[in-house]
Amino acid sequence: MANVTVIGAQWGDEGKGKIVDWLAERADAVVRFQGGHNAGHTLVVGENIYKLSLLPSGIVTGTLSIIGNGVVLDPWALRDEMTKLRGQGVSITTENFALADNCALILPIHRDLDGLREAAAGSGKIGTTGRGIGPAYEDKVGRRAIRVCDLAHLDALDAQLDRLCAHHDALRAGFGEPPVDRARLIADLKEIAPFVLEYAQPVWKRLNQVRKAGARILFEGAQGVLLDVDHGTYPFVTSSNTVSGTAAAGSGLGPSAAGFVLGIVKAYTTRVGSGPFPTELEDETGQRLGERGHEFGTVTGRKRRCGWFDAVIVRQSCAVSGVTGIALTKLDVLDGFDTIKICTGYRLNGKVYDYLPAHAAEQAAVEPIYEEMPGWQETTAGARSWADLPAQAIKYITRVQELIETPVALVSTSPQREDTILVRDPFAD
């Protein structure tokens with residue numbers, strides 16, 4: 001059976017939650033493969049609204065939901081999120097939820113370091129959520145992380161703690177902070193360990209069994225390709241690889257498991273936090289997009305910066321992530337504009353670029369080259385077929401897929417699960 005990998009093809013916040021929820025109804029397993037609780041998905045199911053940060057979106061439908069080894073896990077945040085969802089009537093058991101026993105943990109000292117660094121950065125702030133994701137990935141790569149499996153062996157953790165504290169104590173001293181309180185850290189870990197270990201297992205093994213049984217696996221990405229630590233607008237990026245190829249390494253399945261790669265693309269462009277944004281609109285139009293699109297971060301509540309659709313970055317994202325087809329979201333936010341603009345290239349120092357340069361200073365300096373199209377006055381909200389769309393909206397969609405060199409597979413016309421136009425089924429064999 002076909003698998004599907006869902007990734008954001010802009011700077012995150014493209015509406016992945018709704019699409020993953022829509023696909024999860026027909027999946028047998030949903031897997032998170034990177035990031036941490038700095039990601040946020042909002043699911044609107046009938047009258048109910050679910051806000052997820054760590055748990056895969058499939059948990060709401062009762063689908064087997066797995067946190068893969070590529071995720072950095074804050075166990076306290078996981079417990080709080082599970083408690084909240086259970087309060088909304090969502091069932092979470094060892095039958096429908098599992099987490100990788102080789103996940104690296106986000107510890108309180110990671111959150112401390114994240115906040116200290118950002119506070120001291122001044123104009124160099126990169127817009128981190130302050131939740132410890134970056135420092136946790138640093139410790140993972142530095143081979144000093146405490147992992148989920150270590151929670152079953154806390155009495156034998158001295159050597160690991162020596163490495164961890166030698167690193168963090170030196171950093172904390174530089175900020176005028178006291179050394180790590182090892183006794184407190186061990187006490188905190190002992191308190192949370194039973195909860196975490198109940199769901200811990202070698203998920204690579206379980207996923208291989210699921211795959212061999214011919215089941216459909218949905219890989220759920222967090223953030224967006226332009227926040228990828230390699231391919232994004234570095235250093236204004238997240239601390240993990242957000243491209244589709246990470247689904248293999250972050251879950252324990254081979255690269256052939258990714259299947260149909262669905263890139264989620266907003267019909268305009270938004271960004272949270274610092275960093276370059278070529279099509280940003282700091283005027284009434286940008287404000288109108290933000291108000292109509294309710295552009296506030298699911299996790300942080302921060303207001304999102306808004307601008308016209310940038311075909312250059314989406315084309316680039318689709319290329320580096322091997323996107324098979326896109327899901328175009330929030331089309332209805334463009335209803336009522338007399339004219340709509342699409343960025344088709346950049347101009348920098350007299351040269352035209354058809355890609356986003358790698359250097360941060362050049363990314364900040366490029367000037368967008370726009371193509372204008374007539375807008376439409378009719379509403380697209382709630383449309384479920386091409387026949388429900390205004391002619392100009394169809395022309396806009398057609399032009400978008402031409403410019404990004406990737407076909408449209410889905411069009412989302414509201415937060416509701418049913419308000420989706422299906423062009424190509426990602427789960428088709």
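Predicted model: local features only at pLDDT ≥ 70, side-chain atom pairs only at ≥ 80, totals over all residues.
Two residues are in contact here when they have heavy atoms within 4.5 Å of each other.

**Where H3 meets H4**

Helix H3 spans residues 108–120 and helix H4 spans residues 133–141. Their axes lie 7 Å apart, and the two helices pack at an angle of about 120 degrees. H3 and H4 are therefore oblique to each other, and their crossing is right-handed.

Which residues of H3 and H4 meet? From H3 come His-110, Leu-113, Asp-114 and Arg-117, and on the H4 side they touch Ile-133, Pro-135, Ala-136, Glu-138 and Asp-139.

**The cysteines**

How many disulfides does a search of the whole structure find? The search finds zero. For Cys-318 the reason is distance: the closest cysteine sulfur, in Cys-343, is 15 Å from its own, too far for a bond, because a disulfide needs the two sulfur atoms within 2.5 Å. Cys-343 is likewise in no disulfide, with the sulfur of Cys-318 as its nearest cysteine sulfur at 15 Å.

Are Cys-318 and Cys-343 buried or exposed? The table gives the values.

| Residue | Relative accessibility | Class |
|---|---|---|
| Cys-318 | 4% | buried |
| Cys-343 | 0% | buried |

Cys-318 counts as buried because its relative accessibility is 4%, under the 20% cut-off. Cys-343, at 0%, counts as buried too.

Note on methods. Residues numbered from 1 in each chain as written. Heavy atoms only, no water. Buried < 20%, exposed > 50% of the residue type's maximum accessible area, 1.4 Å probe, protein only. Axes fitted to C-alpha atoms, helices over the stretch in contact; angles between N-to-C directions. Helix = DSSP H or I, 4+ residues; strand = E, 2+ residues; numbered from the N terminus. Parallel < 35°, antiparallel > 145°, perpendicular 65-115°, else oblique. Left-handed = near helix turned anticlockwise from the far one by under 90°.
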